[in-house]
Structures are given as C-alpha cells and as structure tokens.
Amino acid sequence: MVTKRQKQGMNLEDVQEMNRALVIRLLRRVKLCSRADLAKMTGLKNATITNIINDLISWGLVTETGIINGQKGRRSIGITLNTKAYKVVGIRLTRNYFIVGLFDLFGAENMVQRVPIDISVGSASVIRKIIDHVTQVLDTSRQFTILGIGAAIPGPYVRSEGKIALMTEYPGWEMVSIEKELSSSFPIPVFLEHDAKAGALAEWWLSPRHMENETMIYVAAGQGIGAGIVIDGRLLRGTLGIAGEIGHMSIDFAGPKCECGNNGCLEHYCSSIALVREVKEGLIDHPVSMLAKDQSFPAIVEALKGGDELVRKAVKKAAWYLGFGLVSVINAFNPNTIVIGDEMAKLGDLLLETVRNTVERHVLPRVYHNLKIELSSSTNDPALVGVSALVVERILHKPSAIPRLLEGSGS
Ligand SMILES: [Zn+2]
C-alpha cells in the first residue's frame, strides 16, 4: 500500500503552528510556568513566545493564573492550559466492561461511568450501549466545547481499517469498524487506539519521571498482553498500527495454537485470564485454598494479600512467563524503562520481583543494569486516560484550527 506522501518543506505558517503546538506540549508536561520559562525551554525569543501566548489566550486554550515565582525567584505571571473551556471524551472497551469519561486538557478525570457488559452478546449491542452513554455525557456537558472522542480498545488493532484484528476468545468483533460506528454517531472527531498504546501515552504524559529522550515500554498485562513502545515521546505504531503486540509473540513453538495463527503465544501464559485458569486447575491439589468458592481475579488479588499458597505459586509462574517474554522485547528495543500496568500490576511486589529476577537471569548484565522495571503508579485507568491524552494531542497539533472549531460548535 502506498501511503500519502508527506510534504517535506515548511512554510512560515507551518513553523508558527509547530511552535504553538510545542508550547502547548510543554504546558501539558509542566502544567504551570512563566513566559520566560517557556522561552528558555523552547529556545524561542521572548517576543515570539509573547505572540504565541496571545494567540493561544485569544483562542481560549491558555489562561494566566496570577503571579508565580519564576526563574531565579523572579515573580512573573503564570501561564497554564485552560482546563475549564475544553474537554474530551474517553472510552475504554474491555472484554467485560466499558468506561466512558470526561477529561480536561491535562488528562484529569471529570466524570467517569463504568458499565458491565456481556461481550458474548455481540458487537452491535455493545457498541449501541457505548453510543448511548457517550450521548448522555455530551448532553450533560453542553457548557464545554468537546474537542473529540477517543476510544481505547483491546487489540491487535488495525489502525488503517479502524478494526480490531482479533479479540481472543470473542470472535466476531474483527468484522466491525468501531471507528466508523462511532464517527457516524457524533459530529466531532473520533480517534481509536489500542489499549496498551493508550496506556503507554498516559504513562509518558502523566509521569514526570519519563524524559523526552528515552525508550519506554509500557506493558499492559491484563486480560490480554500488549505493549506501547514510546521512543523520544512518540509511539511506535508500525505499518498497520500493530507494533507492540507482544502478547502474540511465541515463547514456545510447540505450545497451544493461538487464534492469531502462532503457537505458544505469551498471553496464553501470563494474562489475568491465564492466571485465573491456573488457579482453578490448582484447586484440585490445594482444596483448602482461600479461593475454593470464588476464583475471580479480584478474589485472587485478595488471596495473595492473605498469603494463599496456591495463589503465590500461580502468580510466580505467570510472572516468570511474563519476564521471560520481556527478555525478547528488551533485546529488540533496549529500553531504559519498562512499566507494567493493567490488572496484573495489582499483584504487586511478588509479580514485580519475579519479573525482575527472570529478566536479570536472561539478559546481558550491562543491559539489565541500564534498565528500570517498575509497576505503573497510575491509580486511574491508564488506557482511558491515555486515549483522552491522544485526542488532546491530535487536536492541539494544529492549534489554529480551534477558532474554526468554535465557530462550528456555535459557541
Ligand atoms: Zn497469538
């Protein structure tokens, strides 16, 4: 497939737009600073920053906050993003619930609804339900300008077609373009992203520990296993948008056949679904386990806190597989940080330490010593927060389009 040729030259307006987008990007990271701070961070002249801020204030994207202590303790007027005027809607679809939320330009949650679903009833009825909930959120948010809607969906997701390529154990979803269904229901832009990639964006945007020039891999270890690879602040997507599908990386060529066509796919060994299966099978040998009555994932997390022997064994086994899978990822991308998020991160230190020990034993010592493996510190749903960050990034990539958007919305 030949993709549209990108223009390579830049006109003066393009440069202006790029500088405006850069200022917004920096404000999203630092949240509050002075004009002088922005000049220093961007390397732009004070007069250029003044012009940019004037534009952004007139479009309602930026506000002044009053006096702050700026560089060298000098008092100056604070500049921040306007969190009151603009919002975005975030959606997260999982195999047993979806969430709809309203977010500001910093990715802070304003309103979140979690709706249980039975995904086996088919895509049409689930998508209808999602559309109804988003409509409700839009109806109750008329005082804001909603810039767009982002949906984080389980993968692998083929970006060019707006479709899920495969939802393991739930066939049928690969037939429907979720993007088309949502876009045709709402008059604002809709963006879709694979949940792991959205989680990676949230981790990168909201955690100041990540630097602009690093390779960070966010591993969404939940009902499936996926990864978002962020290099120098940008997501690696690949030709079709499925880069980072590490859940379908084989760790055993003689292992069980996966629906993707491969054998012994990583997610069959260390997803939360695999862990639940392992615990259920283990009950035969551990009849006195705390999980004799309830083997749901939340019950497993509780039993782990209570020191249940069956659960400890099962968690260690899943974490070993996860660590073993990560070794290949580390050798392919040489990241400086791996952040493990989603459901499996709730298993805490036992999971983390087992993953670290496994990786340490299987990679070069020099590689291991230049690598941090951590659990996500996010208390909110990272995929949901990340997909709303993605909407902000996509829309504010062209800040001068905002006044036209305002005319269009009639506000
Ligand atoms: Zn597979």
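Covering the buried residues of helix H11 (348–362) are, among others, helix H9 (297–305), helix H10 (309–333), strand E13 (337–341), helix H12 (365–369) and strand E14 (372–375). Buried here means under 20% relative accessible area, exposed over 50% and partly exposed in between, with a 1.4 Å probe and protein chains only. This is a predicted model, in which local features need pLDDT of at least 70 and side-chain atom pairs count only at pLDDT 80 or more, while totals for chains, interfaces and linings use all residues. Residues are numbered from 1 along each chain as its sequence is written, and side-chain values use heavy atoms, with hydrogens and water left out.

**Confidence**
- The protein chain has a mean pLDDT of 89, and 94% of its residues reach 70 or more; pLDDT is the predictor's confidence in each residue, from 0 to 100.
- Of the chain's elements, H11 has the highest mean pLDDT (98), and helix H14 (residues 402–409) has the lowest (67).

- Helices (H or I, at least four residues) and strands (E, at least two) are DSSP runs, numbered from the N terminus.
- The end C-alpha atoms of H11 lie 22 Å apart, which agrees with the 21 Å that its 15 residues should span at 1.5 Å a residue; the expected span is 1.5 Å times one less than the number of residues.
- Buried residues of H11 include Gly348, Leu350, Leu351 and Leu352.
- Helix H1 (residues 12–30) has 19 residues that should span 27 Å, and its end C-alpha atoms are 27 Å apart, which agrees.
- Among the buried residues of H1 are Glu17, Asn19, Arg20 and Arg25, along with Val23, Leu26 and Leu27.

**Nonpolar cores**
- A nonpolar core is a set of buried Ala, Val, Leu, Ile, Met, Phe, Trp, Tyr and Cys residues joined through side-chain atoms within 4.5 Å.
- The largest one has 51 residues, and Leu38, Leu61 and Leu396 have the most contacts inside it.
- Helix H13 (residues 382–395) supplies the largest share of this core, 9 residues.
- Another core, of 50 residues, lies apart from it and includes Leu326, Val329, Leu350 and Ile373.
- Leaving aside residues up to four places away in sequence, Leu38 touches Val23, Leu26, Leu27, Cys33, Gly43, Ile49, Ile53 and Ile79; contact means heavy atoms within 4.5 Å.

**Val88**
- Val88 sits in strand E3 (residues 86–93) and counts as buried because its relative accessibility is 0%.
- Val88 and Ile149 are 61 residues apart in sequence, yet 5.9 Å apart in space, C-alpha to C-alpha.
- Beyond four places in sequence, the residues touched by Val88 include Phe103, Ile146, Ser388 and Val392.

**Zinc site**
- His248 (ND1), Cys258 (SG), Cys260 (SG) and Cys265 (SG) coordinate the zinc ion at 2.0 to 2.3 Å; donors are N, O and S atoms within 2.8 Å of the metal (3.2 Å for Na, K and Ca).
- The site is tetrahedral, with angles of 105 to 122° among its 4 donor atoms; four donors count as tetrahedral if all angles lie between 85 and 135 degrees.
- The donor residues follow the spacing H-x9-C-x1-C-x4-C.
- Cys265 is buried at 0% relative accessibility, whereas Cys260 is partly exposed at 37%.

**Positive phi**
- Asn334, in the loop between H10 and E13, has a positive phi of about 45° although it is not a glycine.
- Asp342, in the loop between E13 and H11, has a positive phi of about 75°.
- Just after H1, Lys31 takes a positive phi of about 70°.

Conventions:
Four donors count as tetrahedral if all angles lie between 85 and 135 degrees; four count as square planar and six as octahedral if opposite donors are over 155 degrees apart and all others between 65 and 115; anything else is irregular.
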